[in-house]
Number of protein chains: 2
Amino acid sequence: MVSSLPPAAVDPASEGPAFSPLYQQIKTLITRSLQAGEWRPGEMIPSETELAARYKVSQGTVRKAIDALADENLVMRRQGKGTFVATHTEQKIQFRFLRLMADDGDTGNVTRRVIDCRRLRAPADVGRALELKTGDGVVQVRRVMLFRSVPVVLDDIWLPGHLFKGLTAERLSEYRGPMYGLFETEFGVRMIRAEEQLRAVAADPAAAELLNVKAGAPLLSVERLSRTYDDKPVELRRGLYNTEAHYYRNELS
Amino acid sequence: MVSSLPPAAVDPASEGPAFSPLYQQIKTLITRSLQAGEWRPGEMIPSETELAARYKVSQGTVRKAIDALADENLVMRRQGKGTFVATHTEQKIQFRFLRLMADDGDTGNVTRRVIDCRRLRAPADVGRALELKTGDGVVQVRRVMLFRSVPVVLDDIWLPGHLFKGLTAERLSEYRGPMYGLFETEFGVRMIRAEEQLRAVAADPAAAELLNVKAGAPLLSVERLSRTYDDKPVELRRGLYNTEAHYYRNELS
DNA sequence: GAGTGGTCTAGACCACTGA
DNA sequence: CAGTGGTCTAGACCACTCG
């Protein structure tokens, strides 16, 4: 009756994975290389056969690992060409993080205007969200996004100071394109995923003036916490969206 | 120089798939069976080996088809048990369509109160969204959702009349659990995916009274168009969310 | 122990890209 | 044309569930 049970030496009721498939381990290794910058954003990573040889596994196992990375938008596959490190400087990746659409469907020119950029000690709630130690410095940016020259979004952004040493209002203003592109190329910080909390709020006087609405007008508040590869938070953002002629689009499936 | 080109008999510059992998075709066949009700929600579908035999393909090809269906939440895989048709009557599937969270994380009791349920000709905008012919009938439902007995969501719902013949306020009130569960078990209509448009709006007097807020208070407006298997729209819903103590949660990746 | 989904392999071939 | 990712197969074995 009593059979030998060598693999179950630990408490079987305890939590824990106790088994990690090979392709998961390969995925972790590739993610580490991405994080370490072995391949830069936009660059091609080694072919599946190369990686299979490097890790001493079959091509199919590497394939499954890369499939998972592609699902998470860490890399992009292009048949016939190769697999490429995802980059925020690509046009087609824009609406992954900015879900605002114009009522008429027009995706006309987007411009950004920096209102303020300063360094300060992290306020308590910001420090908590960014998992900083009390007293750590942050960079605070306030900026407006304009669609066809009309202000629609007012963003307050907090960034860990130690990751964004040379960031100034000038650097931000000079840069054309999405802010995450600047973060990626200039500071090596890549936003991978984020959680957003949406609410309807009344415009305070300052926001009302910047967005050209009446004080008390309803605005969509979007609080976003962005994370990088290892799930460490690297940005807290509070946006106020004027949704009179735009809407936040979401797909449920 | 001139080689034979039998497979490219059509204009090569024209759009079109011109190639559909086997697993895609299998996926389509399985989806048809789901739509036809060959397996009911919650039931187990045939095993991978059975389906492979039925369709005369390898088990790996069936596997890839089912993987895609699982990604789209049409079926749920459970190792050691089988693959099951997704159902809205499961507790863990709730927050896929209701993204509202309480600030304190409490997911306490949710109750629903039907305010009104009537049949009428589809208003122009509703008919257009639901892709109905002018003059077609719709069922309109107005209801409130309460979290811990506090009204938080006011929903106006429009449904194609011909799909919901016996639907009355009584049927709605009697049913415990999410409305989509009732639609699925009583009317055979299954919501598969949806698009939502979010805005901040000011509460009108009627909504303000039902949600127990002041007129003009900011509310989150959520307009949802739900679709079934063949992407045909089957529900239009306009929700007003009081986000004073709740927020709409979204994940970006 | 039988049945299910999950992993891993090795190999063949197809579709796409670009030189 | 060579090189890439994409598909398909067949078979072996593993992990999980349940009677």
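Tutor: Two residues are taken to be in contact when heavy atoms of theirs lie within 4.5 Å. The model discussed here is predicted, and each value below is computed from it.

Student: With that cut-off in hand, how many residues of domain 1 of chain A are in contact with domain 2 of chain A?

Tutor: Let us start from the domains. The assignment for chain A places domain 1 at residues 7-85 and domain 2 at residues 100-248. Their C-alpha centres are 32 Å apart. Across the boundary, nine residues of domain 1 of chain A are in contact with six residues of domain 2 of chain A.

Student: How much area do domain 1 and domain 2 of chain A bury between them, and which residues of domain 1 lose the most?

Tutor: Buried area is what two parts lose on being put together, summed over both. Between domain 1 and domain 2 of chain A it comes to about 610 Å², with 56% of it on carbon and sulfur atoms. On the side of domain 1, A:Q35, A:P41 and A:L74 lose the most area to domain 2 of chain A, and together they account for 61% of what that side buries.

Student: Let us turn to the two chains. How many residues of chain B are in contact with chain A, and how much area is buried?

Tutor: Here 32 residues of chain B are in contact with 32 residues of chain A. The two chains bury about 2600 Å² between them, of which 50% is on carbon and sulfur atoms. Two salt bridges are found across the interface of chain B and chain A. In a salt bridge listed for this structure, the side chains of B:D103 and A:R199 meet at 2.3 Å, N to O. The count of residue pairs in polar contact between chain B and chain A, both at pLDDT 80 or more, is 18.

Student: Which elements of chain B give two or more residues to the side that touches chain A?

Tutor: They are β8 (193-202), β9 (218-227) and β11 (246-252) of chain B. β8(B) gives the most, with ten residues. The side of chain B that touches chain A has 14 nonpolar, six polar and twelve charged residues.

Student: How many bridges join strand β11 of chain A to β8(B)?

Tutor: Strands are read as paired when at least two bridges are found between them. Five bridges join strand β11 (residues 246-252) of chain A to β8(B), and the two run antiparallel. Within β8(B), B:L198 is the bridge partner of A:Y248, and B:Q197 stands opposite A:R249. Inside chain B, ten bridges join β8(B) to β9(B), again antiparallel. There, B:V201 stands opposite B:L219 of β9(B).

Student: What is the order of the strands in the open sheet of chain B?

Tutor: This open sheet of three strands has the order β1-β3-β2, with antiparallel pairing. Its edge strands are β1 (44-45) and β2 (75-78) of chain B, each of which pairs on one side only. Four bridges join β2(B) to strand β3 (residues 82-85) of chain B. B:R78 stands opposite B:G82 in β3(B).

Student: How many salt bridges are counted over all chains, and why does the pair A:R142 and A:D156 tie together separate parts of the sequence?

Tutor: The count over all chains is 44 salt bridges. Among them, the side chains of A:R142 and A:D156 meet at 2.8 Å, N to O. A:R142 lies in strand β6 (residues 137-147) of chain A and A:D156 in strand β7 (residues 150-160) of chain A, so the pair ties together parts 14 residues apart in sequence.

Technical notes: Residues are numbered from 1 along each chain as its sequence is written. Chains are lettered from A and ligands numbered from 1 in the order in which they are written. This is a predicted model: local features need pLDDT of at least 70, side-chain atom pairs count only at pLDDT 80 or more; totals for chains, interfaces and linings use all residues. Side-chain values use heavy atoms; hydrogens and water are left out. Domain bounds come from an automatic or database domain assignment. Buried area is the accessible area (1.4 Å probe) that two parts lose on being put together, summed over both. A salt bridge is a side-chain nitrogen of Lys or Arg within 4 Å of a carboxyl oxygen of Asp or Glu. A polar contact is a pair of N or O atoms within 3.5 Å; within protein, one must be able to donate a hydrogen and the other to accept it, and residues adjacent in sequence count only if both atoms are side-chain atoms. Ala, Val, Leu, Ile, Met, Phe, Trp, Tyr, Cys and Pro count as nonpolar, Asp, Glu, Lys and Arg as charged, and the others, Gly among them, as polar.
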